[in-house]
Amino acid sequence: MTTLNPAASSIAARWREADAPAAPESYLQAARRRFMKHRVGQVAFGVLALLVLSAIFAPILTTYDPIVGTPADRLKGIGSAGHFLGTDEQGRDMLTRLLYGGRLSLIAGIVPVLIATVIGTALGSFSGYVKGWVAALIMRAMDMLYAFPTVLLAIAVSASLGPGLTNVIIAMTVVYIAPLARVAESATRRVVVAEYIEAARLTGAGTPKILLTQVLANIFSPIFVYASGLVGLSIVIAASLSFLGLGVKPPAPEWGFMLNSLRGTIYVNPWVAALPGFFIFLTSISFNMLADAIRDSLDVRG
Amino acid sequence: MAVHVPQRSTTTNVPPALAPGEPLLKVRGLTTRFPTKSGWLTAVNQVSFDLAPGRVLGVLGESGSGKSAMLRTILGLQPPTAQIEGEVILNGRDLVAMSPAERSAIRGSWVSMVFQDPMTALDPVFSVEQQLVETIRRHSDLSKKDAVDRAMELLTLVQIPSPERRLKAYPFELSGGMRQRVVIALALVSNPTLLLADEPTTALDVTVQARVLDLFRDLKERLGMAVIFVTHDLAVAAEIADEIAVMYAGRIVEQGTVPDIVRSTAHPYTRGLLEANVRPGQLTRPEAIPGAPPNLAKLPPGCSFAPRCSVAEDRCWESLPDLVTLTNTHSARCVRVARG
Amino acid sequence: MTTLSVETDPLVAVVDGDAGRPPLLEVRNVSKSFPVRLSPFKKGYVSAVDGLSFTVKHGTTVGIVGESGCGKSTAARLILGLIDIDNGDVLFEGRNVKAQRESPQTPDDRRELRRNMQMVFQDPHSALNPRASIGEIISFPMKVHGFSKEEQQERTQWLLEQVGLHANHASYYPHQMSGGQRQRVNIARALALSPRLVVCDEAVSALDKSVQAQVLNLLKDLQAELGLTYLFISHDLNVVQYMSDEVLVMYLGQAVEMTDSARLYAKPLHPYTQALLASTPRLDDADGPVAPPLEGELPSPLDPPSGCRFRTRCPYAMEVCAQERPLLVEAADGHRVACHLYVEGSVEMRATSPALAVSAS
Amino acid sequence: MAMVILRRLGMAIPTLLGVSLLIWLLLSILPGDPLVGLLPQDATPQDRVDLEIAMGLDRPLPVRYVAWMGDVLRGDFGYSPFRRRDVSELIATAWKNTAVLAAVSAGFGLSIGLLAGTVAGVYRGRWIDRVVTSFSIVGLSVPSFWIAILLLIVFSAELKILPAGGRADFSDGLFNYAKYLVMPVFAGSLITIAITARVARASIVETYQAEFVELLRAKGLREWQVLLHVGKNAISPVLTTRSPLGIWQWCRPPRCSSP
C-alpha cells in the first residue's frame with residue numbers, strides 16, 4: 001500500500017523505516033527461534049543426545065564385555081574399583097550393560113512411534129479429508145483399538161507374536177496407530193473447513209495434491225507434538241514389555257529386562273538394582289520435557 | 001406491551017445519590033498497558049471523559065482502537081498483568097482504586113456489561129434460569145422462588161416471547177437475537193446506573209440489530225441508565241448515541257454530539273471514516289484511508305494518525321496534539337483545528 | 001491508492017460487447033438441501049437453496065444480499081462446484097458445468113471450465129494457508145495448471161502489483177500482513193488463472209471500515225481494467241448496491257426480488273426487501289429506522305413455512321401466502337419479485353385482504 | 001449424567017466385541033509364531049503339525065473365532081499352555097485382589113489428579129502450578145515397575161516398615177489391610193495422577209479463556225462461583241475423552257487435548 005504523504009519529513013521517513021515489518025520468518029524458523037530460548041527443552045535435548053551417542057559409541061567408551069561377566073566380580077556396589085556403577089548378578093559391568101542396553105531400549109521405544117506416525121497420519125488425514133464409508137470404517141476400527149488399554153493391547157499382541165525385538169516393535173506400532181490416526185483425523189477435520197482448502201479445490205487440484213501441499217503442513221504440528229510426547233511413554237512401555245519377558249531374548253542387555261533380572265538382588269545390592277530403571281526414567285522424562293518444549297515452540301495449545 | 005418496571009428495592013448495593021449536575025461517570029487519564037515481548041502495548045491511552053446520568057455515549061473505533069479494552073478497564077476485568085493508571089469515578093467512588101472484592105460487588109449491580117458475541121457469552125452448560133437466578137441472588141437477598149419470578153420479569157422486560165419456556169432453555173436452543181436479549185437481561189438484573197455495551201449488535205443480522213437497538217432505546221428511556229455503547233459502525237453510533245467519542249490507537253481523537261461528529265467533523269480520521277463508509281444509494285467511489293491502523297506496541301511519534309493522514313505536516317510527527325476544545329460539546333485532537 | 005498499470009492481463013483477450021453470445025453465467029432452478037441427523041433414527045433435510053435462477057452478463061456485477069441462513073454462500077459454492085447440485089443447472093457461457101449424460105465431459109474440460117470461475121473468500125485469516133508464503137499461495141493455482149517456474153514467478157509479481165502490494169511481499173507469510181493486505185492477496189490468488197467470473201463471498205465484511213473502501217475500490221478498478229465479471233455476495237446492503245449492476249435479494253434459500261440496484265433502492269417491492277432497507281442504520285437521519293423492524297424469528301430451514309417462506313414475519317401476510325409459493329413475476333421491466341401482493345406488469349401492491357388494509361393505513 | 005454413564009456402559013459391549021475381532025484379525029495378519037515358545041528346541045516339522053492340530057490351529061480363522069467366542073460366552077476362557085492351567089482358574093484366583101487394587105488406584109489417581117490439575121489450572125503460572133506440572137511430568141515418565149522396586153528398596157528393604165508382598169484380609173483390621181495396599185496403589189496410580197492432572201489443568205486453563213467467563217465476572221459473581229462454572233465446563237472433556245472402559249484409562253497414552 002503506497003502512502004503518499006506530502007509531509008515526508010525526516011521523522012516520518014525514519015519512523016516508516018523502523019515500522020517496516022520484520023524480515024519474513026516462516027513458521028518453522030519462528031519455532032526454531034522460540035526453541036533456542038527454551039532452556040528446559042535444550043537441557044532435555046542435551047541429555048538425550050548424550051544417551052544416544054553413548055549407546056552408539058558404547059564399544060569405544062567401555063572395554064568390558066556386555067554379555068560375558070566375571071563370576072568373581074558378582075554384585076559389586078556403586079563406586080567399586082574398576083566398576084564405576086557396580087556389577088550385576090553375573091559379574092558383568094553395569095555401566096557397560098547400561099550403555100549397550102540403551103541401544104535396544106531406544107530402538108524399541110522410538111521406532112514404533114516413527115512407523116505408527118507415518119501410518120496413522122496417512123489413515124487419519126485420509127479419513128478426515130475424504131469422509132465417506134471407507135473413512136468411517138477406518139476410524140471406527142481406530143476407536144475400538146483406542147478403547148483398549150495400551151499396555152494390555154501391547155502385551156496381548158506381543159505375547160501372541162512371541163518374544164523378540166521385531167515382534168515388540170510390531171506390537172507397539174499396532175498399538176500406537178490408533179491414537180495417532182485419531183489425532184491426525186481431528187487435526188485434518190479442523191483444517192479442511194478452512195477457506196484456503198476450498199481455494200485449493202477451486203484450482204482443480206486433486207485430492208492427493210491438496211492433502212500433500214495444503215493439509216499436511218497444517219496438521220504437522222499437532223501430530224508432531226503428540227508423537228514426540230508418545231516417545232516418552234513408549235520408552236516406558238517397551239521397557240515394561242521386556243520387564244515382563246516379552247521383549248528381547250536374554251542375555252542381550254536391555255534396560256527393562258535388566259531391571260527384571262536384578263529384582264532378586266534388591267536386598268543385597270539395592271541401588272545397583274535400581275539403576276536400569278533410572279535410565280528408563282531419565283530417557284522418558286527427557287523425551288517428555290523435549291515434547292513440551294517442542295509444543296511451546298510450535299505454539300500448539302495442549 | 002405492558003411491562004412492569006422492576007423496583008430497585010431488591011438491590012442490596014445501592015449507589016449513593018448523585019448531586020445535581022454532577023456527572024455519573026468521570027474518567028480521567030485512564031491508561032491500560034499490557035506487557036508483550038516487544039515492550040508495553042498501550043491499549044488505552046490517557047482517556048478522559050464525563051458521562052451524565054441517562055445519557056448514551058457512543059464510542060466509535062476500529063479493531064485495535066482500544067474501545068473494548070477501555071470498557072474492560074472500567075469494569076476491572078483486565079488480567080492482573082495489565083498496568084492500569086488513571087481514575088474511573090462512578091458515583092463519587094474510584095473503581096480503579098477499589099479492592100477486587102468491592103469491585104466484584106459493584107459489577108452487575110451499579111454497572112454491568114453486554115458483550116459482542118451472544119453465541120459465546122453465555123455458559124453453555126447452565127440453563128437461562130440458572131444463569132439469571134445466580135446473578136439475581138448475588139446482588140439481592142431474594143429467595144430462590146422470588147429470584148425465579150424476577151428472572152421471568154427480566155425476560156419479559158427484554159421482550160422475549162413465551163418467557164416461561166425460554167427460562168428452562170439452554171443457550172444453544174436459542175437464536176442469536178434471543179441470546180443477546182438474555183445477555184441484556186443479565187445486565188439489567190439490579191437496574192444498573194451504567195450499562196457498558198461492547199458491540200452488542202455487531203454479530204447480529206441487520207433486521208435483528210434494528211430490533212435490539214430499539215430495545216436499547218426503550219430500556220434507556222424506562223430505566224434511566226447511562227450507556228456506553230461501543231461500536232465500529234458510525235451509522236449505529238449515530239442512531240443510538242447522544243454523544244460520540246472517536247477512538248484511534250487507544251486515544252480519543254474527537255468527541256462531540258452526533259451532529260458535531262457527523263456534520264462539523266473536525267479530525268481527519270473521523271472525516272476519513274465518514275468518507276470511507278458506503279452510504280445507502282451511493283454511486284461515487286468511497287474515499288479510502290490509506291494504510292492500516294498502527295501497532296499499539298510501536299506507536300509513531302506524535303499523532304498516531306499521522307502515517308495515514310493526507311494532510312499531515314511536520315509538526316504532526318513531532319509531538320502529540322492536545323485535545324482542542326472547539327465548542328462546549330465538541331473537541332478534537334488535531335493540530336489543524338482552531339480553538340473555537 | 002495505487003493506480004493500476006495500463007497493461008491488461010496478458011493471459012486474456014479483452015472482452016468486448018455482448019454481441020449475441022450467451023450470458024457468462026446462467027443459473028437455472030438450482031436447489032440444494034443438506035441432510036442432518038436429528039436423532040440416531042431420524043434424518044431431516046435443511047433446504048439451503050431452493051429453485052434459484054438468475055443470469056450474469058459479461059463484465060457486469062450481480063449482487064446477492066440477504067441475512068445469515070439465506071443460502072447466499074451455499075449458492076456461491078454450488079455455482080463454483082464446491083458443493084454438488086441436487087437439482088438444476090449452472091451454465092457457463094452456455095456450457096453446462098455439470099457433466100451431462102448426453103455430452104460427457106472429460107476431466108480436462110471441467111477443469112478448463114472451473115478455471116474460469118474463482119472466488120475471493122470472506123475471512124482474511126482462514127483464506128490463506130498459514131504455512132505458505134504469499135508467493136506460494138498466489139502461484140499455487142498456476143502450479144496446478146502446469147505453468148513453468150518462470151511464468152509462475154513473473155505472473156505472481158504482476159498480480160502483486162495489480163492488487164497494490166509490493167513484489168517483496170511474495171516472501172512474507174500471512175500472519176505478517178494486515179487484514180487489508182491479506183484480502184489483497186486473496187484477490188490476487190483468485191486472479192491467478194485469469195478467471196472470467198470472480199465470486200466475492202463477503203469479501204469485505206471482515207475488514208475495518210477504513211480498509212473496506214480500499215478493497216472495494218480495488219475490486220472496481222480491477223473490473224474496469226481486466227473486464228471481470230463479479231458475483232458479489234454480502235449482507236451489507238449499501239456495499240452490494242454500490243458494487244452491483246443488478247441485485248438479487250434472498251430469504252431462506254429463495255430469491256424474493258431481483259432488479260437493477262438503483263431501482264431496488266428507489267422502490268423496493270418485496271416486504272422483506274423493504275424491511276431490510278428500513279433496518280439498515282443510516283447516518284443521514286439520526287432518528288432511527290423509518291419502518292417498524294421485522295417481527296418474529298427466522299423460521300427453521302429444516303421445516304420452512306408452506307407457500308411463501310416469508311409469510312410468518314410478513315406484515316401483509318394473506319391466506320394465499322400459506323397455500324401457494326409465489327413465483328418471480330416481472331412487476332416492471334427488469335424488476336422481478338416473488339410476492340402475492342404483486343401481479344405481472346404492476347409495481348403497486350394489490351389491496352386484497354383486510355389485514356393488508358390495516359397495515360397500509 | 002446417569003444416562004451418559006449408561007450409554008457408555010452400553011457402548012462397551014460392541015466395543016469389546018469389535019476389539020476381540022480386531023485382535024484376532026491382527027494376529028492372523030501379523031508375522032510371528034505363537035507356537036515358538038511351546039515347541040522344544042529340537043522339534044521336528046511333524047511335531048509342529050501335531051501341536052497345531054491338538055490346539056485346533058489348523059481350522060480356518062472365522063471358525064476358530066466363533067468357537068472361541070462361544071466358549072467365552074459360556075464362561076470358558078480356554079487353557080493357558082504356558083501356565084498349564086485353565087484361564088478361568090487363573091482369573092478366579094486373581095480377580096478379587098486385582099479389582100480392589102485397580103479400583104483403589106483409579107479412584108485415588110483420578111481424585112488426586114483432578115484436584116492437582118484444577119489447582120494448577122486456577123493458579124496457572126504461580127509456584128503451585130509449577131510444582132504440579134513438574135510432578136506430573138515426572139509421574140508420566142516414571143515406569144511403575146521401577147517405582148515399585150524403589151518403594152520396596154526404601155520402605156521394605158531399608159526402613160522395613162511396609163510388607164514387600166502378600167496380602168491381608170479385612171479381618172486383620174483396616175490398617176493392616178491398607179498397609180499391603182499402600183505401595184502398589186501408589187506405584188499404580190502415579191501415572192493416572194499425572195495424566196489426569198495434565199488434562200484437567202489444560203481443560204481448566206482453556207475454559208478460563210472462554211468468553212462466558214468474562215460475562216460471569218462482569219455479572220459480579222465471586223471467584224469461587226466462577227470456578228464452579230469453569231469446573232462444570234472443563235470436567236466433561238476430562239471424563240469423555242476417556243473411553244467406555246474408564247478404569248483402565250491409566251494404561252493409555254495421554255490424549256492430545258488440543259481442541
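Two strands count as paired here if DSSP finds at least two bridges between them. Helices (H or I, at least four residues) and strands (E, at least two) are DSSP runs, numbered from the N terminus. This is a predicted model, in which local features need pLDDT of at least 70 and side-chain atom pairs count only at pLDDT 80 or more, while totals for chains, interfaces and linings use all residues. Residues are numbered from 1 along each chain as its sequence is written, chains are lettered from A and ligands numbered from 1 in the order in which they are written, and side-chain values use heavy atoms, with hydrogens and water left out.

**View 1. Chain B as a whole: 12 helices and 12 strands.** With a radius of gyration of 21 Å (taken over C-alpha atoms), chain B is close to the 20 Å that the globule rule gives for 340 residues, so the chain is as compact as a globular protein of that length. The rule itself is 2.2 Å times the number of residues to the power 0.38. Along the principal axes, the C-alpha atoms of chain B fill a box of roughly 65 × 50 × 45 Å. Buried residues (under 20% relative accessible area, with exposed over 50% and partly exposed in between; 1.4 Å probe, protein chains only) make up 61% of the 340 residues. Chain B exposes about 12,700 Å², and carbon and sulfur atoms supply 52% of that area. These areas come from the Shrake-Rupley method with a 1.4 Å probe, and for residues only the protein chains shown count as cover. If you look at contacts (heavy atoms within 4.5 Å) between residues of chain B at least 6 apart in sequence, 65% join residues at least 24 apart.

**View 2. The antiparallel sheet of chain B, with four strands in the order S2-S1-S4-S5.** Helix H1 (residues 67-75) of chain B lies across strand S1 (25-36), S2 and S4, running at about 75 degrees to S2(B). For such angles, axes are lines fitted to C-alpha atoms, for helices over the stretch in contact, and values run from 0 to 180 degrees between N-to-C directions.

**View 3. The hairpin of S4(B) and S5(B), with two residues between the strands.** Strand S4 (residues 83-90) of chain B pairs with S5(B) in the antiparallel sense over two bridges. Ile89(B) is bridged to Asp94(B) in S5(B), and Leu90(B) to Arg93(B). In the turn, have a look at Asn91(B), which has a positive phi of about 55 degrees.

**View 4. The mixed sheet of chain C, with eight strands in the order S6-S7-S8-S3-S9-S10-S12-S11.** Strand S6 (117-120) and strand S11 (329-332) of chain C stand at the edges with a single partner strand each, so one side of each is left without a neighbour in the sheet. Direction ignored, neighbouring strands of this sheet are turned by 20 degrees against each other on average. Further in, strand S10 (residues 254-260) and strand S12 (residues 335-337) of chain C pair in the antiparallel sense over two bridges, and Met258(C) has Arg336(C) in S12(C) as its bridge partner. Helix H9 (residues 271-279) of chain C lies across strand S9 (246-251) and S10, at about 100 degrees to S9(C).

View 5. Most residues other than glycine have a negative phi. Glu199(B) is buried, with a relative accessible area of 6%.

**View 6. The largest nonpolar core, with 110 residues.** A nonpolar core is a set of buried Ala, Val, Leu, Ile, Met, Phe, Trp, Tyr and Cys residues joined through side-chain atoms within 4.5 Å. Met94(A), Leu98(A), Tyr176(A), Leu180(A) and Val215(A) touch the most other members. Helix H10 (residues 207-243) of chain A brings the largest share, 18 residues. Leaving aside residues up to four places away in sequence, Tyr176(A) touches Pro112(A), Val113(A), Ala116(A), Thr150(A), Leu230(A), Ser234(A) and Ile237(A). A second, separate core of 109 residues includes Leu30(B), Leu154(B), Leu186(B) and Val246(B).
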